[in-house]
Amino acid sequence: MHYHIVRMRRRFPLGLAILFLAFALPLSLGKAFNGSGDLSPTTTLPVVQVEASSGGILPGSCSSAYAIPMDVVDTPRAVTPVSKTLMESAGIGQWGKWDPLSITYLNPAAMVDPSQAACASAPDIRGRQGLTFLNGIEENVNFGLQDVPWNFNMVESMDLVEGPPGAVYGATQPSNGYVNYITKQPYFDRFRGDAWATMGMYDQYMWGAEVGGPIDHLAEGQSSKLGYRFSYLGMNNGSYYDYIFDQQENFYGAIGWHPNDRYRADLYADFGTYSYMLEDVLMNRPTEALIQDGLYYPGYPPLPQVSSPGTVPANNFLGTPVPVSRRQTIKYPGDLGRAITGMAQLIQSVAVSDDLQVVNNTLFWYQDHIASEDEILFQEAWDAYEIDNRTEVRAQFTTPGPFGRMAQFLDTGIEWRYQQALAYDSLEFTVPNQWSVFENPYLRNGAFTPAFQAWVGNPSAPGGGEWLVPGGPYPFYFEPLNGATGTNLTRYGKVSPFWQQTIQLTDTLSVILGARLDLYMISAQTPPGTPAILFEQLDTTQALPLFNVSPTWKPYPWMTTYFNFNWAQATDVGGAGGYSPTFTDEAFHLLNELEELGVKFSLARSRLFLSADVFHEDTYLFNYLEPANPVQINGFETTATFQPNRSFWIRANYLLMTGVENWSSSPYGPPLTQTYSTTQADRLGLPLDNQASFPPGSYALIGWPEQTVSGMVTYQDDSGIGVTLGGLFFSDMYLGYEHQVRIPPEFVLNAQVFYAQPHWEARLYLFNFTDEHYWLPNGFAFSRVRTLNLDTVYAGWPFWIEGTATWKF
């Protein structure tokens with residue numbers, strides 16, 4: 001990356017020193033317990049390893065909900081394990097990043113904001129972007145605003161958990177769910193590898209290779225103790241939309257050392273470079289005429305009249321709606337996204353005895369990126385890293401109980417995190433509806449307008465005015481006082497003792513109890529480049545508790561019923577996972593509460609899996625430029641998975657979810673960049689991009705279908721030829737709180753034809769093969785970018801084809 005922030009770079013060696021201690025100290029502990037082969041007992045505790053499921057679609061064991069391996073059918077949470085087979089079937093990662101809908105075919109509670117499709121590290125879950133975990137540790141930098149495209153090259157499989165994390169994992173911010181990525185594991189059995197290439201319509205080109213195997217050379221019949229795996233991904237993707245592209249290179253490596261049954265260590269590392277165009281704003285001026293008939297309002301004001309908020313009556317320059325290509329955008333061709341990411345993770349476990357284990361997990365994440373969307377005008381420059389270390393002591397024992405002896409499992413320990421974030425963000429000047437897809441694209445730059453230039457160097461302007469980012473590309477601006485929008489220089493530490501205990505009360509009744517305390521020590525300030533008159537600083541210590549209780553009743557071996565209660569306080573965040581110096585105490589005590597009642601069945605000799613649950617969540621929604629606001633959601637979901645044999649499987653899902661935003665105690669209601677449709681602005685002579693709020697009160701969630709149905713079916717014959725069909729159905733979605741613009745019910749169908757052999761395979765993806773003209777909101781439900789929903793809308797890709805060929809050796 002060409003542009004770096006000098007002050008942050010000078011402090012980076014401190015992070016390396018801390019990282020060295022985090023890795024070296026637990027490693028020395030592991031060596032102390034290693035000893036000779038004669039001291040290796042056979043432990044009866046669950047083997048502590050990262051489970052990387054590569055095939056199958058029926059749920060098995062999963063550790064992503066409670067940190068210890070549990071059968072999914074017995075786990076008292078809504079959990080969706082996504083194996084490599086399911087990822088390939090749904091097309092997850094086939095775009096080289098998160099796309100809006102592939103995950104929804106597997107779980108209707110999960111989608112990806114179209115505005116974040118290029119840059120989300122996790123999908124939206126139950127209406128909000130999910131948290132991101134890597135092998136059980138939260139990755140907190142790449143979250144919230146535009147960030148960086150997610151690297152699927154390092155992903156073996158993933159678990160999607162609905163609702164906030166429990167006591168062992170914890171969370172920095174409120175969430176309705178999270179994704180725990182299981183990274184690719186080293187090979188210990190034999191040398192193997194593959195090479196692959198992907199090509200698709202609209203200039204989609206990806207390629208990669210992978211090798212791995214044992215490093216030590218042992219006699220025949222002996223198992224390897226040292227293994228490795230290395231993977232490379234290259235990408236040069238265009239897009240269906242004008243000006244959009246995505247170029248990546250990722251290098252991933254894993255080394256495992258398993259000298260005996262008592263000690264094991266696995267080290268994972270990843271490095272990625274990215275060059276891309278953000279997709280936040282594509283087609284603007286969404287109206288019923290655009291969605292139903294493909295008609296767009298042309299016309300735009302003279303550049304000197306473009307302002308935020310807009311002042312020129314729309315009927316002064318808008319023309320009669322005319323047909324428009326769904327590929328056209330209001331992107332400024334000079335927009336950019338550039339990034340570098342680095343990851344290292346060391347997971348170690350020591351079996352002290354049959355009933356006692358010590359597990360240590362350390363994650364380091366580094367990210368440096370800049371991004372701009374000058375048409376709105378959004379600019380961002382981040383430089384951040386985080387180090388997180390969790391040590392767990394796991395013990396199993398029995399105690400007397402009211403109904404006899406009780407088997408118990410204890411997981412307790414401490415987690416600490418250090419994070420440093422330097423984030424510059426500008427998003428106060430937003431004018432998306434004042435541009436037209438038909439105008440000269442090189443004029444769509446908010447910085448060219450006299451209105452924006454009047455904010456430059458003006459401390460009285462919104463957010464403290466616009467100031468040049470020191471050391472950044474020019475012109476590149478930031479607002480010092482834009483709150484949760486992002487700008488901050490933060491250094492903080494967090495110490496989190498936790499306790500989780502599983503108690504088997506009877507043969508059929510058990511309960512999981514958990515508690516955690518997150519102690520934050522935060523120092524945040526406005527970053528270098530902020531004028532002295534606007535300087536703000538915040539030094540605070542905050543204590544945030546978490547409790548969870550999960551009783552489970554298993555009346556039959558094939559049936560489990562459960563209740564889950566999770567109560568926690570979490571924090572609002574700014575850019576790069578840091579904290580704004582303007583935050584009040586309220587921003588550090590946001591409620592995140594879940595009640596969930598469910599039932600799971602494993603039938604037909606474990607070939608049929610059924611689940612259903614009802615849930616209620618009290619949480620907060622994040623807002624650009626505004627404090628977080630309370631919200632409630634309620635829902636019912638059910639899933640059926642059937643795999644009678646290796647040749648055939650089917651999965652079907654249904655979700656009903658509603659939500660209410662509570663703005664009753666605020667001086668204003670929910671804000672939108674434009675609070676009425678473009679049609680109404682034209683008819684009544686109102687300005688576009690009026691930057692206003694609705695009155696205080698309660699409002700239904702916008703940009704979210706109350707009902708979603710999804711499913712997939714696959715058949716593969718003995719010759720290796722197979723076919724997969726997937727379908728989605730959404731009920732209607734309203735873009736604004738005034739319910740003037742509606743996306744009607746719609747469906748999307750995908751298909752895949754494949755031919756798999758031991759040494760090679762080919763897959764042909766047929767996306768949207770009925771060529772539906774479907775639309776999606778710019779931001780779903782809780783998304784921060786829902787404020788732009790009456791300014792910009794996502795025109796779904798039409799029918800398109802992509803193929804992948806893989807050679808295995």
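Mentor: Let's begin with pLDDT, the predictor's confidence in each residue, from 0 to 100. Here the chain has a mean pLDDT of 91, and 92% of its residues reach 70 or more. This is a predicted model, where local features need pLDDT of at least 70, side-chain atom pairs count only at pLDDT 80 or more, and totals for chains, interfaces and linings use all residues. Residues are numbered from 1 along each chain as its sequence is written, and side-chain values use heavy atoms, with hydrogens and water left out.

Trainee: Over which residues does pLDDT stay under 50?
Mentor: That's residues 1–44. The model has 84 contacts beyond four places in sequence for them, a contact being heavy atoms within 4.5 Å.

Trainee: Now the rings: how many aromatic pairs are there?
Mentor: The structure holds 44. Rings of Phe, Tyr and Trp (its six-membered ring) pair if their centres lie within 6.5 Å; planes under 30 degrees apart are stacked, over 60 edge-to-face, and the rest tilted.

Trainee: Why is the pair of tyrosine 332 and phenylalanine 448 called edge-to-face?
Mentor: Their centres are 6.1 Å apart and their planes stand at 90°, so the pair is edge-to-face. It links distant parts of the chain, 116 residues apart: tyrosine 332 is in the loop between strands E18 and E19, and phenylalanine 448 is in the loop between strand E22 and helix H4. Those labels are DSSP runs numbered from the N terminus: helices (H or I) have at least four residues, strands (E) at least two.

Trainee: Is tyrosine 332 buried or exposed?
Mentor: Buried means under 20% relative accessible area, exposed over 50%, and partly exposed in between (1.4 Å probe, protein chains only). Tyrosine 332 has 13%, so it counts as buried. Phenylalanine 448 has 42%, so that one counts as partly exposed.

Trainee: What makes the pair of tyrosine 385 and tyrosine 418 tilted?
Mentor: The ring centres are 6.2 Å apart and the planes are at 50°, so the pair is tilted. Tyrosine 385 sits in strand E21 and tyrosine 418 in strand E22, 33 residues apart. Tyrosine 385 counts as buried because its relative accessibility is 1%, and tyrosine 418 counts as buried because its value is 17%.

Trainee: Where does the charged end of arginine 763 sit?
Mentor: Over the ring of phenylalanine 754, 4.8 Å from its centre. The rule asks for NZ of Lys or CZ of Arg within 6 Å of the ring centre and within 35 degrees of the ring normal. Arginine 192 lies over the face of tyrosine 187 too, at 4.5 Å from the ring centre.

Trainee: Why do strands E16 and E42 stand at the edges of their sheet?
Mentor: Two strands pair if DSSP finds at least two bridges between them. The open sheet runs E16-E43-E42, with antiparallel pairing. Strands E16 and E42 each have a single partner strand, so one side of each is left without a neighbour in the sheet. E42 and E43 pair over three bridges, with proline 777 opposite valine 793.

Trainee: How do you know that serine 580 is buried?
Mentor: Its relative accessibility is 2%, so serine 580 counts as buried. Serine 580 lies in the loop between strands E28 and E29, and touches Gly483, Asn488 and Leu538, not counting residues up to four places away in sequence.
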